[in-house]
Amino acid sequence: MFDYLVRRLLVMIPTLVAISIITFIIIQLPPGDYLSTLIAEMESQGENVDLAKIAALRAQYGLDQPMWQQYLLWAGGLLRGDFGYSFEYQLPVADVVGDRVLLTCVLNFGTILFIYLVSFPIGIYSATHQYSWGDYGLTLVGFIGLATPNFLLALVLLYFANVWFGTSIGGLMDPSYIDQPWTWGKVVSVLEHLWVPVVVIGTSGTAAMIRRLRANLLDELQKQYVITARAKGLPPLRALLKYPLRMALNPFIADIGNMLPQVVSGSAVVAMVLSLPTTGPMLIGALQSQDMYLAGSFLMFLAVLTVVGMLLSDMALAWLDPRIRLGGGTAR
Amino acid sequence: MTTHRYERRAIVGDFIRGGFGLLLTVGPVLLMPMVTWLAVAFSAFAALFAVYLFRTWLRSATALEVDDGGIRSTGPFGRAIRWDALDALDLRYFATRRDKEGGWMQVKLRGDGAAIAAESSLDGFETVVARAADAATRNRLALSDVTRENLKALGLVAGAPDGPMPGGMAPGGTAPDNDDRMGMR
């Protein structure tokens with residue numbers, strides 16, 4: 001397992017390098033740069049543009065250098081923990097991002113936890129009570145969750161959270177805590193606000209996960225060993241938990257890696273609707289204004305999150321099910 | 001008696017992997033100023049790669065001797081297990097690719113208060129596993145479903161004669177008579 005971890009980490013290195021190169025190229029693809037956009041904006045507002053000053057700024061930010069040099073400068077900075085400089089905010093990216101990365105992590109982790117906590121018991125119930133009223137009812141609820149647009153659910157929940165619980169509209173904390181140092185009250189306020197986006201983002205993922213677990217478990221429950229175990233008088237709960245459920249969990253765990261990018265991209269839209277101080281809205285703004293170091297840092301953060309998620313899911317799978325797939329070869 | 005060593009090509013490959021990883025993690029820490037949390041993360045990864053290199057060196061210096069009496073690993077931290085004292089056999093398969101191709105196997109044997117592990121890059125790995133599988137059958141060891149399936153992939157069947165087959169049915173069509181025999185512990 002240790003060797004597997006190390007080799008898997010080694011696979012991550014070229015993956016992250018490739019992602020960083022692709023990210024940088026994509027950010028640079030639109031014509032011009034941040035300063036070109038700034039000039040166009042100033043000219044459209046009838047302001048005079050000092051071209052000498054713009055040229056000096058371009059040299060200062062390294063925008064006059066070839067793309068590969070700009071990439072090396074940025075990638076080298078990332079390795080040192082220096083994420084570059086935000087042109088739009090006139091601040092280092094680390095200062096601009098502030099608590100957003102932490103809040104994004106909290107939101108996404110909470111969403112994934114919600115998806116698992118809700119879908120796990122419902123998936124098991126639906127599989128073990130196939131075609132029952134409960135199964136049909138929960139399936140219906142699942143499909144409604146899958147079909148309801150996130151932004152609509154966000155608006156509805158926001159309204160009821162405000163009417164029933166007095167939770168302030170939008171944001172991830174009470175306005176009085178914004179830009180304040182972290183205190184216990186601020187943590188509680190974040191937790192009070194967190195459930196709305198978690199439910200909104202997690203609902204569609206939950207529905208999909210319930211269907212997947214139900215299907216996997218039904219496959220296992222119809223196998224001969226389960227029928228034999230039941231015929232021999234093994235208690236139903238034991239016959240369910242000890243083996244079929246474990247086997248049905250493999251695809252469930254393998255999905256962690258795939259779920260992370262879906263949750264992150266899903267949370268960007270919801271964050272816009274709910275005015276959440278997460279990375280999503282700022283990333284969209286940075287891409288629009290070609291604030292390349294800010295956008296690049298966000299994209300790399302999301303890439304690292306995804307790659308780490310894949311690593312964790314692969315590690316869990318290797319631990320749970322280290323079986324050879326017949327047809328696959330064993331290398332020396 | 002047969003003697004098995006790790007293939008030179010595999011060992012060199014592991015040294016290159018470990019060295020590459022160590023270089024990429026230690027290099028930035030030593031050569032450039034770095035924020036503390038990143039330096040800690042890089043140092044932790046560097047420690048992992050250093051341990052990996054040490055384990056690779058151990059493998060390169062180790063030989064496994066197998067005979068009718070048991071199995072011995074010679075070299076640093078040498079150990080021995082008699083076949084009649086073998087009380088656990090675990091065969092696992094790992095692959096870094098999503099399609100599970102191009103992976104490697106690892107066998108772990110326990111008994112006599114010692115543990116010996118070997119990877120499929122060992123010359124004559126199948127012979128070692130076959131011997132261990134025979135001993136496991138003689139000792140009526142209960143093997144995990146994973147181990148049985150991996151043994152089957154190597155063309156081997158082992159474990160308690162009345163134990164479960166992959167898929168849960170006992171050999172010969174007889175159903176297991178308790179949950180322990182079904183691997184349900």
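## Annotated spans, chain A

Residues 9–29 of chain A are 95% helix and 0% strand, with end C-alpha atoms 30 Å apart. Helices here are DSSP runs of H or I with at least four residues; strands are E runs of at least two, and both are numbered from the N terminus. This is a predicted model: local features need pLDDT of at least 70, side-chain atom pairs count only at pLDDT 80 or more, and totals for chains, interfaces and linings use all residues. Residues count from 1 along each chain as its sequence is written, while chains are lettered from A and ligands numbered from 1 in the order written.

The unreviewed UniProt entry annotates "transmembrane region" at 9–29, 101–124, 136–161, 252–274 and 294–320 of chain A. Such annotations may be inferred rather than shown by experiment; positions follow the numbering used here, and feature names are shortened. Residues 136–161 of chain A are 92% helix and 0% strand, with end C-alpha atoms 28 Å apart.

## Annotated spans, chain B

For chain B, UniProt (unreviewed entry) places "transmembrane region" at 12–31 and 37–54. Residues 12–31 of chain B are 100% helix and 0% strand; their end C-alpha atoms are 27 Å apart. Residues 37–54 of chain B are also 100% helix and 0% strand, with ends 26 Å apart.
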